[in-house]
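Dear colleague,

Please find below the structure that I am handing over to you. My notes on it follow directly after.

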Amino acid sequence: MNPEVVSKLQKILGRDRVVADETELLVYECDGLPLFKNRPDVVVFPRNAEDVAQVVRLANEYRIPFLPRGAGTGLSGGALAVEGGIVIELQRMNRILSIDVENRIAIVQPGVVNLHISQAAAPYGLYYAPDPSSQMSCSIGGNVAENSGGPHCLKYGMTTNHILEIEVVTAAGDIIRLGNPAGEPIGMDLVGTIVGSEGTFAIVTEITIRLLPKPQAVKTMLAAFRTVEECSQTVSDVISAGIVPAALEFVDAKTIEAVEASVYKAGYPLDAVAALLIEVDGFRDGLEETAGAIVEICRRNRAYEVRVAQNDDERAKLWLGRKGAFGAMGRLAPDMITMDAVIPRTRLPEVLVAIDRMSEQYGLDVANVFHAGDGNLHPLILFDGRYPEQVEKIFKMNEDIMKLCVEVGGSLSGEHGIGFEKKDFMPLVYNDADLETMLRVKRVFNPESLLNPEKIFPTHRGCAEIGKHSTTNTAEISKRVEAILLGSPEKVQR
Amino acid sequence: MTIDGILPARTVRPQSIEELAELMASERGAILPVGAGTQTFFGNPLRLADCAVDLTSLSRITEYVPADLTIHVEAGVTLAQLQRALLENNQFLPLDPWNGPAATVGGIAAVNAQGPYRAAGTIRDWIIGMKVVEIDGRISKTGGRVVKNVTGYDLQKLYTGSLGTLVIIAEISLKLRAKFARTATAVARFGDVETAAAAVATVRKGALQPVSCVWTGPENEVWLRFGEDPRAVDWQLKNLPPLADWTVLEGADEAAAWERLRDRFNDFAPIVTRAVGLPSAVHEIIKEYRPQAWMAHALNGIVLMQFASPAEIGRMRQKYRAVIERAPVEVRREIPTFGLNDAEYELMKRMKDAFDPEGRLNPGRHIDGERVAQR
């Protein structure tokens with residue numbers, strides 16, 4: 001990169017807010033998806049929107065690609081600097097600017113960790129609903145970019161349903177505010193259009209979010225089944241009974257095996273072929289009965305064990321198994337990749353059988369732990385990164401899984417986004433006209449395509465090399481999950 | 001049908017999305033998409049209409065999978081038709097736009113029309129995908145058919161509320177929910193604005209979770225509708241704000257009461273504005289602008305107000321966002337409907353130009369009529 005640019009960046013931000021050293025830059029060569037890597041030329045750490053705007057204007061002047069990055073936990077390569085350039089790291093813009101208890105809103109900077117919002121709001125009996133599995137480390141700015149989900153989105157909606165107003169720096173470097181604290185779109189819904197645009201429309205520098213009152217009561221239970229069909233039927237029956245669970249999570253035998261052999265041991269029955277973690281919340285009155293109705297549905301579908309958490313500790317333990325699943329996979333294989341796809345929930349049984357078959361065909365183990373209530377699959381593919389042919393197989397298998405999900409009426413991603421990982425799969429879902437229209441909207445926001453290039457739209461250019469500083473290594477992942485789930489005093493889910 | 005004093009030279013009524021696409025491909029004039037025509041009063045004044053496209057024949061429910069909680073409907077399906085189909089499976093959508101159940105789903109989406117269920121969201125929150133026809137006749141889709149999806153851009157959000165000025169919405173996929181096991185509505189009349197405001201504040205800060213919370217004036221009634229589990233509804237009815245005489249309505253009485261409220265709102269004239277502020281500002285908005293009558297979605301910071309003259313709109317916009325909900329065309333010729341700031345205006349204008357460079361889709365109604373000088 002032109003050294004002039006680096007020195008100008010240093011002038012704008014100060015030397016300590018610009019990283020151009022090749023070794024230090026290695027940390028930014030990939031995000032939470034290490035299957036792809038490329039080193040940016042420089043990383044900057046702005047303090048505020050004005051800093052971001054100045055960097056963006058400089059990038060435009062020199063025609064250098066640039067992209068925002070939060071905590072780097074994204075799983076689709078959204079923060080991958082495909083063409084190098086400037087990474088605008090927003091993690092240090094991490095202040096909660098205000099919590100308006102009366103209006104149940106919070107104004108936050110993009111680098112605030114998702115869970116920290118709920119923790120800050122907790123004394124007022126409020127919380128922020130979307131809870132991606134990475135909520136203890138992912139940033140709210142990244143959540144906005146990806147329209148992140150999480151287990152409780154089944155009842156409470158995705159990120160997009162909770163964002164009221166945003167301040168953004170446009171691709172040209174202007175600072176503008178969109179939306180309003182009432183969350184009422186006026187004219188076109190530009191906030192709704194930008195949320196989920198994966199950092200290709202604008203860089204979000206301030207976010208007004210909706211907070212919800214904590215439910216009066218929560219009931220969490222685990223139901224164990226001997227067949228996937230009975231388990232899936234239970235999911236359908238709960239939904240058709242008119243119950244809106246707060247979460248409805250599926251855990252398969254392989255996951256249970258890993259979890260029960262790990263520090264996240266939650267007492268999941270080891271002989272279960274599949275289990276459901278079900279949570280209902282709301283007013284205390286009536287919740288017992290709703291939970292009872294679910295237990296009844298489980299039993300009718302031949303659940304051989306149904307355990308209802310009797311207190312907060314038992315509840316936390318049930319969730320620990322689910323949340324720690326990713327960290328427990330080291331028991332089964334040295335490396336893993338988390339996939340993401342979504343299908344109509346009624347197609348669950350056949351899709352799980354088909355994925356099982358693929359697992360055999362490719363000789364790669366697959367563990368399934370996912371959001372069953374909304375049909376959002378997360379096959380965890382287990383492999384050994386020392387064998388390059390296994391890595392190749394993962395790409396092929398990922399493609400097969402995508403094709404399968406699209407064939408049954410599903411889609412490529414339920415919550416991780418398309419990013420770099422899945423851009424070449426987009427034609428499976430969208431035809432040329434669909435993509436051309438999306439591209440047209442992108443050009444309105446980002447006409448030069450300098451902002452986060454090479455994302456979402458197919459280009460058929462791969463760079464399959466595993467990045468060093470994020471990892472597929474299950475031991476590494478285990479260490480991180482452990483630090484997050486067990487190391488912190490706050491084991492709060494909401 | 002005459003809109004803003006303009007009678008379209010022709011009206012066409014496509015029988016299928018493909019036919020609509022062919023029509024669009026061959027049409028060279030200004031196009032006016034119309035559904036049931038229940039909210040043609042909304043928006044900046046229509047400037048030109050060579051061809052009205054009546055979408056009411058696109059009235060098929062193309063697929064409904066109750067077990068997946070999804071339905072896919074053509075744009076001309078009415079809300080009444082949709083809810084009827086859903087009720088057969090004990091499902092529904094908490095949508096009750098003020099313009100009533102005769103409105104088409106496409107029209108409700110085009111306007112992002114809302115009603116007392118505002119506290120539970122708008123149609124924006126239920127749309128999971130769309131098929132649209134563009135100005136050149138091209139059919140494109142956005143979103144998908146599953147309840148959770150982040151594949152590609154969320155253009156259904158962009159099209160919702162764009163008033164048929166970017167594309168014509170042809171088919172909509174919606175996620176659904178189970179019908180509330182029970183609903184009940186509590187209504188109380190208060191002596192003055194202050195006591196009504198206090199009751200609303202109690203609700204806003206407290207444990208109740210009404211799916212509707214409407215504060216009407218000048219009679220100062222507060223309407224709270226509860227839905228969900230029967231016992232949860234009971235608990236909420238037992239914990240209504242104190243110092244008021246609440247009447248609880250259920251069943252047919254409840255439905256009829258909400259219909260009467262809708263009629264009351266639809267009688268607001270000649271000028272209705274939608275002020276938007278923080279929920280805690282609702283009281284202040286009512287006090288400061290002294291509308292003749294109002295309906296506030298009090299938990300959302302939205303106040304629909306009736307005025308005799310447009311004088312207050314400008315004053316209101318100095319402090320709050322305010323949209324003209326309904327006004328004679330003469331008023332809308334003078335005052336822009338949305339009251340956008342420059343940044344919003346520029347971005348929306350660029351969006352319009354990208355989709356419809358010749359300005360042939362519903363000319364004048366939305367962003368292209370927002371700056372009076374450009375009319």
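Predicted model: local features only at pLDDT ≥ 70, side-chain atom pairs only at ≥ 80, totals over all residues.

The expected span of a helix is 1.5 Å times one less than its number of residues, and helices (H or I, at least four residues) and strands (E, at least two) are DSSP runs numbered from the N terminus.

Residues are numbered from 1 along each chain as its sequence is written, chains are lettered from A and ligands numbered from 1 in the order written, and side-chain values use heavy atoms, without hydrogens and water.

Helix 3 of chain A has several buried residues, including A:V52, A:V55, A:V56 and A:L58 (buried: under 20% relative accessible area; exposed: over 50%; partly exposed: in between; 1.4 Å probe, protein chains only). Just after the helix, A:R63 adopts a positive phi of about 55°.

Turning to the interface, 69 residues of chain B are in contact (heavy atoms within 4.5 Å) with 78 residues of chain A. About 6,100 Å² is buried between the two chains, 58% of it from carbon and sulfur atoms; buried area is the accessible area (1.4 Å probe) that two parts lose on being put together, summed over both. B:K148, B:V150 and B:Y153 supply 16% of the area that chain B buries against chain A, more than any other three residues.

There are 10 salt bridges between chain B and chain A, a salt bridge being a side-chain nitrogen of Lys or Arg within 4 Å of a carboxyl oxygen of Asp or Glu. One joins A:D374 to B:K148 (3.9 Å, N to O). In another, B:K205 pairs with A:E102, their closest N and O atoms being 3.9 Å apart. B:K205 belongs to helix 5 of chain B, and A:E102 to the loop between strand 5 (96–100) and strand 6 (105–108) of chain A. B:K205 is exposed at 53% relative accessible area, whereas A:E102 is partly exposed at 31%.

Within chain A, A:E167 forms a salt bridge with A:R177, at 3.8 Å between the closest N and O atoms. A:E167 lies in strand 8 (residues 163–170) and A:R177 in strand 9 (residues 175–179), so the pair ties together parts 10 residues apart in sequence.

With kind regards
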